[in-house]
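Dear colleague,

The findings follow directly after it.

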Amino acid sequence: KPILENHPCIKALEWVPRIKGEQRTDYEERVRQEGFDHFTIMEKSPDQKLVPAAMRPEYYPVTYVAPYISNAGVMGFDINSEDIRRKALAIARDTSQKTASEAVELIQGSNVMPGIVVFHALYQQGAPLDTTEDRRINNTGFVVGIFRPQDILQTTLEALPYQGVQIAIYDQKTDGLDLLCSNILAEKLNDLDTMKGLQEHLCYK
């Protein structure tokens, strides 16, 4: 809780275990016995509603989340069921490096805002992690942080000792920049010279 109180730009912190397909029924029942009566591993349907996840070899369901009340709707969501989250999850698992996703539509809340999902992989204690295959076999789950660029922008502006600072937060991709949020006037953001200057001063990795 102190982490969330001291860092208001963090939307949520989550524990996401790796659950094998054959463990699913027993795992769902165990979580329900802990007090989450309707816990079910879920995925998004084509019309973006949460529905029970299809059968597959493994799942990564959100099992614990803080703060809970404002994020209860994400419980059970299989982050391995969606392409953007799955890509970041796989990189974090295979490299054992903290990895941020591209911008995604968050499950939390009723207001549709882009969010960033940061994955920190965990592994079986004492297991070998020398190769990618070792890390895939011995991965036990992830600690996940949820961030909203709009909250980061607001927190940054409030912490500044002066006014009038203009900030834009972009999702940096190999084919260009996607605007996530900004306090800059739209006409300035749409200026081609401004965009060209931003791209020239950013280092692509």
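Helices (H or I, at least four residues) and strands (E, at least two) are taken here as DSSP runs, numbered from the N terminus. This is a predicted model, in which local features need pLDDT of at least 70 and side-chain atom pairs count only at pLDDT 80 or more, while totals for chains, interfaces and linings use all residues. Residues are numbered from 1 along each chain as its sequence is written, and side-chain values use heavy atoms, with hydrogens and water left out.

Overall composition

The protein holds 7 helices and 12 strands. Of its 205 residues, 38% count as buried; buried means under 20% relative accessible area, exposed over 50%, and partly exposed in between (1.4 Å probe, protein chains only). The accessible surface is about 12,400 Å², and carbon and sulfur atoms account for 53% of that area (Shrake-Rupley method with a 1.4 Å probe; for residues, only the protein chains shown count as cover). Contact means heavy atoms within 4.5 Å. Among contacts between residues at least 6 apart in sequence, 53% join residues at least 24 apart.

A nonpolar core is a set of buried Ala, Val, Leu, Ile, Met, Phe, Trp, Tyr and Cys residues joined through side-chain atoms within 4.5 Å. The largest one has 29 residues, of which V16, I79, F119, F142 and V144 touch the most other members. Two or more residues each come from β1 (10-17), α2 (24-33), α3 (83-95), β9 (114-123) and β10 (139-147), and β9 gives the most, with 4 residues. Beyond its neighbours within four places in sequence, I79 is in contact with V16, Y60, V62, R85, R86, L89, F119 and V144.

On a 1 Å grid over the protein atoms alone, a cavity is a set of points where a 1.4 Å probe fits but cannot get out, and a pocket is an open set with protein on both sides within 12 Å along at least five of seven lines; lining residues have an atom within 4 Å of a point. Grid points are joined across faces, edges and corners, and a volume is the space filled by probe spheres set on the points.

The second largest pocket

This pocket holds about 150 Å³ of space. Its lining consists of E43, K44, Q48, F77, S81, E82, R85, V104 and E105, with β3 and β8 (104-105) each giving two or more residues. Q48 lies in the loop between β3 and β4 (50-52) and has a positive phi of about 70° although it is not a glycine. With a relative accessible area of 46%, Q48 is partly exposed.

Aromatic pairs and backbone

There are 5 aromatic pairs in the structure (rings of Phe, Tyr and Trp, the last by its six-membered ring, with centres within 6.5 Å; planes under 30 degrees apart count as stacked, over 60 as edge-to-face and the rest as tilted). One of them, F36 with Y64, is edge-to-face, at 6.3 Å centre to centre and 70° between the planes. F36, Y64 and Y68 form one aromatic cluster.

Finally, the peptide bond from A66 to P67 is cis, with omega near -5°, and P67 is in the loop between β6 and α3.

Yours sincerely
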